[in-house]
Amino acid sequence: MPARPWSKRNGYMAIEVKVTSVLQKVTGAKLVHGEGSTVAELLSDLDGKYPGFKQQIMQEGSLHRFVNIYLNDEDIRYLDQLNTRLKDGDSISILPALAGGSH
Amino acid sequence: MPAVSVYIPTPFRKLTGNRQHVEAEGKDVAEVLANVDKQFPGFAKLVFGSGTEVPAHINIYVNKQEISSLQGVATPLHDGDEVAVIPAMAGGSADAPAAAPERKRIGALTAEQVNRYSRHIIMPQVGPSGQRKIMESSVLIIGAGGLGSPIAVYLALAGIGKIGIVDFDTVDISNLQRQILHQNADIGKLKAVSAKETINAYNPDVEVVTHEVPITSDNSIEIIAQYDYIINGADNFAARYLVNDTCHFLKKPLIDGSILLFDGQVTVYLPGKGCYRCLYPAPPPPGMVPSCAEAGVLGALCGTVGTIQATEVLKLILGVGESLHGRLLLYDALAMEVRQVKIRRDPHCVLCGDDPTVTELIDYDAFCGGAFGHTNEEEQKAADAAKAVRERAAGS
């Protein structure tokens, strides 16, 4: 298990973010850390660290409908969507749809 | 008086001299059914049982739209309409009449079967009655490829009564890196045929039905209706949405799996309790999520994910354990980590939500932005226009 980074820097929460294969192209790693007190803030933070990140998953301020974000194991669609509040130690997973195959 | 064509499901064809379609007349569905009964006495009884209403396990479609979203048996008809009578999933109700999909009846197991399946039978969760349930079940596997292969093999070994395989492709050498249904000598053979040979070489008792066609909105209802459980090993988004929607309309459980690189996802959708569209309301634009042909996949990953799908079907058949229904299993082979996230029926889902707007099968190629080449000029224009909008929005 990777060590947790020092959290609560500058009053923000350090959040563990897991991304699947396709997004790893942008982040260079499958587990990254970001900061933000809401999902929206976290995504902006990640976009700053990994340019192009937001474009992969969002369009015009909302998530692509083939991308789901989970806070721990709950889909944020059923929480507060991009305004879902985060706390230290939370784990975020970003999951685009997969289809496999040859097309 | 409108003249219509009536599609007769396989279990009812013994009445209609094995005809798949019959001509009938009637101003609405009720009259047409009565007319078919007049031509083939006993038909009404098969549909209605001893009641006067269409029972819950029978769906009737007018031009592919289910009549409960129209005007029921009073739905008016016009010349040239097609009325399809499709039994839904059998089982559950004690008074399900003979109108259920034709089901193998297994009596006592033979000595050879007791031997073959002894490792199942000695488990309390299976026993001889559980093994019989397996042998009386039918499963449709979409795709005889990376996922379809381990699914088909393990279900064949378990003794599933009938396995349907949907695949129109031929075996290519690049398949052999992962598709355990096929071997070197099968290169160039139709995959569905190669699958059947492999399944029966393992277990001659399994009835294998090959559907050597692409699954489309013209045939998905007819094919899927014939089976109890549907397992998705499809390789593209259009087929996933098509199979999902069809399973919803026909009330069939769907065991869904997908893979890419070193990751896999698996879940189970039960009728009325969520669907693929609840999870992914819209597909990614073409090119945004690579296919295995573009990005690759670890061969062994197919075995892991496919076998989980086979396991989930067996659990549903036996009624044991906790189904993956309501959970999305995420398998990360590189980290060797398995996680789960919760999924649920979305009340806003356009297919299975509280106010569905998708009430019949749609054009899935256009929905997914033209994954396949189009022969229809209009469809091509629509797909091109959608693609142009996406490209402008993405700024590319």
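Guide: α5(B) and α12(B) pack at about 115 degrees, their axes 9 Å apart; axes are lines fitted to C-alpha atoms, for helices over the stretch in contact, and angles run from 0 to 180 degrees between N-to-C directions. This is a predicted model, in which local features need pLDDT of at least 70, side-chain atom pairs count only at pLDDT 80 or more, and totals for chains, interfaces and linings use all residues. Residues are numbered from 1 along each chain as its sequence is written, while chains are lettered from A and ligands numbered from 1 in the order in which they are written.

Visitor: Which residues make the contact of α5(B) with α12(B)?

Guide: Gly130(B), Lys133(B) and Ile134(B) of α5(B) meet Leu314(B), Ile317(B) and Leu318(B) of α12(B), contact being C-beta atoms, placed from the backbone, within 7 Å. They divide into 4 nonpolar, 1 polar and 1 charged. Ala, Val, Leu, Ile, Met, Phe, Trp, Tyr, Cys and Pro count as nonpolar, Asp, Glu, Lys and Arg as charged, and the others, Gly among them, as polar.

Visitor: Why is α6(B) called roughly parallel to α7(B)?

Guide: Helix α6 (residues 148-158) and helix α7 (residues 191-202) of chain B pack at about 30 degrees, with axes 9 Å apart. Angles under 35 degrees count as roughly parallel, over 145 as roughly antiparallel, 65 to 115 as roughly perpendicular and the rest as oblique, so α6(B) is roughly parallel to α7(B).

Visitor: What makes up the contact of α6(B) with α7(B)?

Guide: Ala152(B), Val153(B), Ala156(B) and Leu157(B) in α6(B) meet Ala195(B), Ile199(B) and Tyr202(B) in α7(B). These residues are 7 nonpolar, no polar and no charged.

Technical notes:
Helix = DSSP H or I, 4+ residues; strand = E, 2+ residues; numbered from the N terminus. Contact = placed C-beta atoms within 7 Å.
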